[in-house]
Structure formats: structure tokens, C-alpha cells
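Have a look at the sequence and the fold, then read on.

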Amino acid sequence: MTTNPPKHPNTGPSEARLRIGHGYDLHRLDELAPNGQGRPFMLGGIQIPASRGPVGHSDADALLHAVTDALLGAIGEPDIGQLFPDSDPRHESQDSSVFVKEALRRVMSRGFGIVNLDATVVCEHPKIGPHREAIIAKIAGLLGVDTGVVNVKAKTHEGVDAVGEGRAIEVHCVVLLAAEG
Ligand code: MG
């Protein structure tokens, strides 16, 4: 005998007043070009002085990519790689704020606003702490929200694995949306 699953108050995306989204990104870090493949170290739209930088097709900003994926995830859309394929030459060296703005446009077109966004950057070098306020202000500006809506935390990987050995940067991000009106 089969039983039907219990009915929930929100039965589908069209009725939900709140939507949560998760984004994750990782970029390999390498010596800066021309000695290696690393790009200037962009994080949250801020350039940070560093001897190694992320490898990627766009500007390789792992934080903005995770923010983009969290926004897209919250509205059930495909991820950044499907919307902006790295096989597309138009995205070569692309400023990743373009991806965030497109994700935000899709969120707003569905009638949602951002309640809050919380991200964790995992990176051995460079130290993110001194740039935290600038990064938060930059992301808040891109999203058109108060800085209190955005939080960015940073930690190391305790010297363990690729991230801990300084060979990669990793970002986790969650965002909560609420239907407006
Ligand atoms: Mg990425």
C-alpha cells in the first residue's frame, strides 16, 4: 500500500514566499602570468595583491561565481557554467560582475528580493581579512542592497589538501530570497 507524502504549505516554487540558494566554486591558483596561468587575484570584485592568482576563462572571481550560483539556485535556474559557457569567447577575461547582474535580473524578474547573503572564502594566501569590508561593500553595491545584507567570512584550510597547500581557492555561499509585495 502506498501513502501520499504529506502536503506542505508551500507546494511549489510559484507559491513559495521564501527561497534559499546555495553556490559553490573552486578555482585553481597558479603563479601570475606570464610565469604561470594565474590571473590577477579578483575576489568579490576587488583586486587583491598576490603572487598567485586564480586560473579561469573569465576573470576567475570565485566569490562572484558562488554568489551568481546561489542566486540562480534560489530560483531553480541552471548554474553559471550553463548560462555563461567557458567555451564562449565573449566570456574570456569577463568581469564577473556581469554574471551577478544577470542572475540578479532573473531573481528580480520573478518578483524576489534578497533577504541576506552569507559566503565563506577558504584560501591560504593572500589573507582576505584586510579586504573584507571592501568586498562586502562591492557585493552589496552589485546587488543593490545595504551592506548589512551581505556577509563574507574567510578561513584557511589548515594547510591540508590543495586549498591548504595554496593551489586552489574555494567559496561557499548561501542566499535567502523573499517574494516582494
Ligand atoms: Mg568559477
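Let's start where two helices touch: Leu64, His65, Val67, Thr68, Leu71 and Leu72 in H1 meet Ser97, Phe99, Val100, Ala103, Leu104, Arg106 and Val107 in H3. Here, contact means heavy atoms within 4.5 Å, and helices (H or I, at least four residues) and strands (E, at least two) are DSSP runs, numbered from the N terminus. Keep in mind that this is a predicted model, where local features need pLDDT of at least 70, side-chain atom pairs count only at pLDDT 80 or more, and totals for chains, interfaces and linings use all residues. Residues are numbered from 1 along each chain as its sequence is written, and side-chain values use heavy atoms, with hydrogens and water left out.

**H1 against H3**

- Sorted by class, the contact of H1 with H3 has nine nonpolar, three polar and one charged residues; Ala, Val, Leu, Ile, Met, Phe, Trp, Tyr, Cys and Pro count as nonpolar, Asp, Glu, Lys and Arg as charged, and the others, Gly among them, as polar.
- The axes of H1 (residues 62–74) and H3 (residues 97–109) come within 9 Å and cross at roughly 15 degrees; axes are lines fitted to C-alpha atoms, for helices over the stretch in contact, and angles run from 0 to 180 degrees between N-to-C directions.
- H1 and H3 are therefore roughly parallel to each other (angles under 35 degrees count as roughly parallel, over 145 as roughly antiparallel, 65 to 115 as roughly perpendicular and the rest as oblique).
- Their crossing is left-handed, meaning that the near helix is turned anticlockwise from the far one by less than a right angle (clockwise would be right-handed).

**H1 against H4**

- H1 also packs with H4 (residues 132–143), at an angle of about 40 degrees and with the axes 12 Å apart.
- That makes H1 oblique to H4.
- H1 passes H4 in a right-handed crossing.
- On the H1 side you'll find Leu63, Leu64 and Leu71, which meet Ile135, Ile139, Leu142 and Leu143 in H4.
- By class, this contact of H1 with H4 has seven nonpolar, no polar and no charged residues.

**The magnesium ion**

- Asp25 (OD), His27 (NE2) and His65 (ND1) are the protein donors of the magnesium ion, lying 2.1 to 2.2 Å from it; donors are N, O and S atoms within 2.8 Å of the metal (3.2 Å for Na, K and Ca), and water is not among the atoms, so sites may look incomplete.
- Along the sequence, the donor residues are spaced D-x1-H-x37-H.
- Asp25 is buried, with a relative accessible area of 15% (buried means under 20%, exposed over 50%, partly exposed in between, using a 1.4 Å probe and protein chains only).
- His27 is buried as well, with a relative accessible area of 11%.
- Ala62, in helix H1, touches Asp25, His27, Met42, Ile169 and Val171, not counting residues up to four places away in sequence.
- At 1% relative accessibility, Ala62 counts as buried.

- Most residues other than glycine have a negative phi, and most peptide bonds are trans.
- Ala60 has a positive phi of about 65 degrees although it is not a glycine; Ala60 sits in the loop between strand S4 (52–54) and H1.
- Asp161, in helix H5 (residues 161–164), has a phi near 65 degrees.
- The peptide bond from Ala33 to Pro34 is cis, with omega near 10 degrees.
- Another cis peptide bond joins His125 and Pro126, with omega about -5 degrees.
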